[in-house]
Structure formats: structure tokens, C-alpha cells
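Colleague: I would like to understand how the labels used for a structure follow from its atoms. Could we go through them together, one at a time?

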Amino acid sequence: MPKMKTHRGAAKRFTKTGTGKIKRNKSGKRHILEHKSSKRKAGLSKPAIMTKGDTKRIESLLVYVK
């Protein structure tokens, strides 16, 4: 079997935390910002932690990402 390769698109979107959780950015902060509240925009800027159900699938894409 050849080695598994890291999915480059996933490597650009997700990072691992020190404890091994997967961190992602939230969607919806690129355009049409005028009608969104400041509170909502601030919340979109902060990273989110992936749910346990998705973590296993994402980790298989991030084979060699630390």
C-alpha cells in the first residue's frame, strides 16, 4: 500500500490544537456584512472546534498535519 497523502484543501482549512482537537473557521464573514450585527460578526471571527462525529473523518484527511 502506498502512503496516505494529506488532503491539501483540508490542510488549509483545519488545524489541530495542542490537545488534538480540530479547529475550523466559521463561514459567513466574507461579504454582505452591512446588515449583520457587530455581535454576530465578532462571533464569526472566532474559531470553532469540530464536533466529535466529524473529527475522525477530518483526521483521516490530515494525515501528516501537526
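Colleague: In which segment is Met4 found?

Modeller: This is a predicted model, and in it Met4 is found in the segment before α1, the helix of residues 8-13.

Colleague: What makes Met4, Val63 and Tyr64 a nonpolar patch?

Modeller: Nonpolar side chains are joined within 5 Å if their residues have over 30% relative accessible area and no salt bridge; Met4, Val63 and Tyr64 form such a patch on the surface, with about 300 Å² of accessible area together.

Colleague: How do you know that Arg57 forms a salt bridge with Asp54?

Modeller: The closest N and O atoms of Arg57 and Asp54 are 3.2 Å apart, and the cut-off is 4 Å, so the pair counts as a salt bridge. By this rule the count comes to 1 salt bridge. Because they are 3 residues apart in helix α3, residues 52-61, Arg57 and Asp54 are separated by about one helical turn.

Colleague: Why are β1 and β3 called edge strands?

Modeller: In the open sheet, 3 strands lie in the order β1-β2-β3 with antiparallel pairing, and β1 (14-16) and β3 (48-49) each pair on one side only.

Methods. Residues numbered from 1 in each chain as written. Predicted model: local features only at pLDDT ≥ 70, side-chain atom pairs only at ≥ 80, totals over all residues. Heavy atoms only, no water. Patch = residues over 30% accessible without salt bridge, like charges linked within 9 Å, V, L, I, M, F, W, Y side chains within 5 Å. Areas by Shrake-Rupley, 256 points an atom, 1.4 Å probe, with all protein chains shown as cover. Salt bridge = Lys/Arg side-chain N within 4 Å of Asp/Glu carboxyl O. Helix = DSSP H or I, 4+ residues; strand = E, 2+ residues; numbered from the N terminus. Pairing = 2+ DSSP bridges.
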